Amino acid sequence: MNDRFNSPVGRFSQINGKCISLVGDDVDTDRIIPARFLKCIDFDSLGKSVFDDDRKALKGKHPFDLKTNKGASILIVNSNFGCGSSREHAPQALMRWGIKAIIGESFADIFYSNCIAIGIPCFTLSKQSIKIIQRYLDNKDLFFEIDLTKSSASSTDLKFNLGIKETSRKMFLSGEWDTTSKLIENNNLIEKKLNDLPYIKFNSNF
Amino acid sequence: MSQDTLFDKVWELHKVANLPGGSDQILIGLHLIHEVTSPQAFGALKDKNLKVKFPNRTVATVDHIVPTDNQSRPFKDNLAEQMLDTLEKNCFEHKIKFFNIGSGKQGIVHVVAPELGLTQPGMTIACGDSHTSTHGAFGSIAFGIGTSQVRDVLASQTIAMNKLKVRQIWCENKLSNGIYAKDLVLHIINHLGVKAGVGYAYEFAGPAISALSMEERMTICNMSIEGGARCGYINPDEKTFSYIKGKLCSPRNENWDKAIKWWESLQSDENSIYDDVFKIDASKVEPTVTWGITPGQSIGINQKIPSLKEIDPNDQFIAGEAYEYMGFKPGQPIKDTPIDVCFIGSCTNGRISDLRVAAQVLGNYKIAKNIKAFVVPGSERVAKEAKKEGLDKIFLDAGFQWREPGCSMCLAMNSDKLIGNQVSASSSNRNFKGRQGSPSGRTLLMSPAMVAAAAINGKVSDVRDFLNK
């Protein structure tokens, strides 16, 4: 776990960091952060509890406990990562552990939008490419330079063209992933739209 | 790209703008909040010095953390008390309607909104909870959001989102006797897989869907997310309208006629275009039980746990994990698997019709020795109705505990938890590792009727053996 947590701010185009691999399909958000840790009114203390059950079961051998993964910030995963519960606590816990970007075969929808909303880009690669990275990581450390302008990840040995939704990519490059202020700009349009909705007219009693 | 489906119509109606990055700004007609995913959103508003833009478009209740045995305040669990206290303060400060414990309207958010008539066709509905897809049963476009998006809805009544594709799931024929909506949706997820819905809204249609009651339809849409689809919906029909009529918040008098006319216009057109269509034969569905650690790992009651060879290569890794975690072997029958705990409740199957059918199975039976069985009604209204019908007595006489409303052991945020590697027969929606509160606890998902049958026999059983007696 990183000692100091800095949440991302504004626009960015580069993420450089050490990779950490977590092998497995359909890793759900209950596993990323078990429900008992959701009893909180802020996200601050979630970092240390990420994958709590899985880590206890593996007694120090979980990737998030291995010394070799200390300081890692780019998470490599397999398919349908983050399925299940919509809890934003899951990406918040990963972010507070030190994760700044995730590369995987595929992501669950709500998890993906939660990641974008808090400034963690999620990239996709083919099953084979993920396998290459995971095998590489079995033997040595891997440092990726991720460039959002080219959607690429490169190290001294490896280079990949990453998949990312164009809308998400633009949001990071422009800083609009931090959505609130952009949405509020359309205040007049919002009010008009709301007042025009048929059901606002016939639902006077709520 | 889909065209002229209900999803297309409702999306277009709520689209405020194209955002510079290319996603759509979508207006949320009804925003539901609860104690777990809202405190940080209110905190963020405060940090940004923002107000709730349309407080009357947000409704709150408390469900995830509430104890279901003793609900007197302050709760024994300090953290749970703090969460409810925070929600109370936030709702008070921002003038948001809050259905608190004892109001007669509290309960699981996805049970409460429909029963109060808040959920209506044609709305966009969002909530910081993945099972928001439940509300799609009424022909609304409803989906779960994270806390940052809760913040955005509070601040602007909108979110930034990419339009989903639409897959129609056409369910031919009808379910047989003793087969329920839960069996059907588990069957669908088993066939399509837990990832197939990523990027899609699911439109459930066909004779088997039309034949379902509104509460059964909610069970189907509720579990869309278990198939990967953030949103699931059913075109509104006469059943939808008659369910809504006369509810506390539903349109009245001349507004009712206007509402019906509009709701009817929302249905997917006969010639609408889908991005994909998937067909299944509902008459082939058996009472279905999960054997693994994803809701897609299910089999019919008379089937055996599949071997790796029988499983799609893409799903073999998680299947291997499932054998190990569950302690089950390929080829083993699911029927007669011993059960420790029986749970009837949740936003999937905690409604009055669920309790009725489970009580009908129980009849005069007693539950097996050494089984802990409990019923957690989905809401205060469900509990009240059940008591009026004497269902609580049937459960109590059988040996079930009768609890107060909440989410309870669906996700075990209160004190209702599995212990060690106990096996539960559960009417809830997720059988993930550790989901029911013990890191080694094992969950078998099934219909409430099947849970009742398992409680009587102390092992996984075919509910049809009870219904046919």
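Ala90(A), Pro91(A), Gln92(A) and Met95(A) of H3(A) meet Phe111(A), Asn114(A), Cys115(A) and Ile118(A) of H4(A). To meet here is to be in contact: the C-beta atoms, placed from the backbone, lie within 7 Å. Sorted by class, this contact has six nonpolar residues, two polar ones and no charged ones. Nonpolar covers Ala, Val, Leu, Ile, Met, Phe, Trp, Tyr, Cys and Pro; charged covers Asp, Glu, Lys and Arg; the others, Gly among them, are polar.

This is a predicted model, in which local features need pLDDT of at least 70, side-chain atom pairs count only at pLDDT 80 or more, and totals for chains, interfaces and linings use all residues. Residues are numbered from 1 along each chain as its sequence is written, while chains are lettered from A and ligands numbered from 1 in the order in which they are written.

How do the two helices lie? H3 spans residues 89-97 of chain A and H4 spans residues 109-118. Helices are DSSP runs (H or I, at least four residues), numbered from the N terminus. The axes of H3(A) and H4(A) come within 9 Å and cross at roughly 50°. Axes are lines fitted to C-alpha atoms, for helices over the stretch in contact, and angles run from 0 to 180 degrees between N-to-C directions. H3(A) is therefore oblique to H4(A). Angles under 35 degrees count as roughly parallel, over 145 as roughly antiparallel, 65 to 115 as roughly perpendicular and the rest as oblique. The crossing is right-handed, a term for a near helix turned clockwise from the far one by less than a right angle.

Now turn to chain B. Its mean pLDDT is 97, and 100% of its residues reach 70 or more. pLDDT is the predictor's confidence in each residue, from 0 to 100. Helix H13 (residues 352-362) and helix H16 (residues 448-457) of chain B have axes that come within 8 Å and cross at roughly 30°. H13(B) and H16(B) are therefore roughly parallel. Their contact includes Val357(B) and Leu362(B) of H13(B), and Val451(B) and Ile456(B) of H16(B). It divides into 10 nonpolar residues, no polar and one charged.

Finally, the chains touch each other. The contact takes 57 residues from chain A and 70 from chain B. On the chain A side, H4(A) gives the largest share, six residues. That side divides into 22 nonpolar, 16 polar and 19 charged residues. The model scores ipTM 0.96 and pTM 0.97.

Conventions
Two residues are in contact if their C-beta atoms, placed from the backbone, lie within 7 Å.
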